[in-house]
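Biologist: Hi! Could you walk me through this model, one piece at a time?

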Amino acid sequence: MDNFWLAPANIDKDKNCYFRAVRVLNTDKLSTVKIAAESYYIFYVNGHIAGRGPVRGTRRRNYLDSYEISAFLRPGKNVIALLVYCMNIPTFINSPSQPAFSIELNGRRQAPEDWRVSVAADWRKDTPLYTKQTGFAEWRDLRLEPEGWALGQGIEQWDYAAAVTVSQKIYSKELVPRDVPLLQESVFKPVDIPVRASVARIDDLSSPDISERLTHEKHQPLPHERLHGLDEWLVGDEPEAVLFPGADGEGIVLVFDFDVEIIGRLELELTGG
């Protein structure tokens, strides 16, 4: 069997592991990309998110997702990139074997030297185990994300990917094509912000136990002048609001109400002044 699974070297035992993988191609003759990952991935083409996955596997099976990517390509050079995440512990959601990814471009398996990889320093590993059902809590410092990485910028010093040897546990899992459609994503805007409060300044931002602070921090009345345009932000086509910190560095808490039960991600754009 040819080596098919790839990863940064020596991370097979790492817990709560995030890493990035990038390949720069001097061609636009691409059509189909097939991706598998243990256990999650975000797939980028030329900086645009082209997919997320995979569908949930089992202790004995992983799934290979297929994408048609012509709409994301440009003439000449193109960049394929992945952010891969593996808790590397069993949860109620999956039972991973080790952090790794597998990818085919136009039906061809990829050699390790085709890919540059880097463990993601912006995602901390030493976070609390949130629950046995869902695994580790997320803790990320956006300031540490490599700028332009999904466009192939600054990756020259990254290591080459390592081939996972066939003796590793991940090869004991069957790898089969995804047998259900890719998920469709819908956008929901909040309809209300019922909680608007002030909280004490945080002097130590290094603690990974964010949930403990959020559970016990005290909410104080928030002066109206510290918010500008927030209600208009809720209904605007291109919403924008201005939030002013307190004179002593106090923070602001906002709780958003979407009026429906949803499962998904929060997208929020913040600009500091």
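**A chat about strands and rings**

Modeller: Happy to! I262 is found in the segment after β20, where strands are DSSP runs of E with at least two residues, numbered from the N terminus. This is a predicted model, so local features need pLDDT of at least 70, side-chain atom pairs count only at pLDDT 80 or more, and totals for chains, interfaces and linings use all residues. Residues are numbered from 1 along each chain as its sequence is written, and side-chain values use heavy atoms, with hydrogens and water left out.

Biologist: How exposed is I262?

Modeller: I262 is partly exposed, at 41% relative accessible area. Buried means under 20%, exposed over 50%, and partly exposed is in between, using a 1.4 Å probe and protein chains only.

Biologist: OK, and which strands make up the open sheet with β20?

Modeller: The order is β17-β16-β20, with antiparallel pairing; two strands pair if DSSP finds at least two bridges between them. β17 (220-221) and β20 (251-257) are at the edges with a single partner strand each, so one side of each has no neighbour in the sheet.

Biologist: How many bridges join β16 and β20?

Modeller: There are 6 bridges between β20 and β16, which covers residues 192-199. Within that pairing, R196 is opposite L254 in β20.

Biologist: New topic: what does β4 pair with?

Modeller: β4 runs antiparallel to β7 (residues 78-86) over 6 bridges, and antiparallel to β5 (residues 48-53) over 5 bridges. F43 has a bridge partner on each side: L82 in β7 and G51 in β5.

Biologist: Is β4 mostly covered or uncovered?

Modeller: Mostly covered: 5 of the 6 residues in β4 (residues 40-45) are buried.

Biologist: Now the rings! How many aromatic pairs are there?

Modeller: The structure holds 9. Rings of Phe, Tyr and Trp (its six-membered ring) pair if their centres lie within 6.5 Å; planes under 30 degrees apart count as stacked, over 60 as edge-to-face and the rest as tilted. Y18 and Y85 are stacked, because their centres are 4.0 Å apart and their planes are at 10°. Y18 is in β2 (residues 17-25) and Y85 in β7, 67 residues apart.

Biologist: Are those two buried or exposed?

Modeller: Y18 is buried at 5% relative accessibility, and Y85 is buried at 9%.

Notes: Helices (H or I, at least four residues) and strands (E, at least two) are DSSP runs, numbered from the N terminus.
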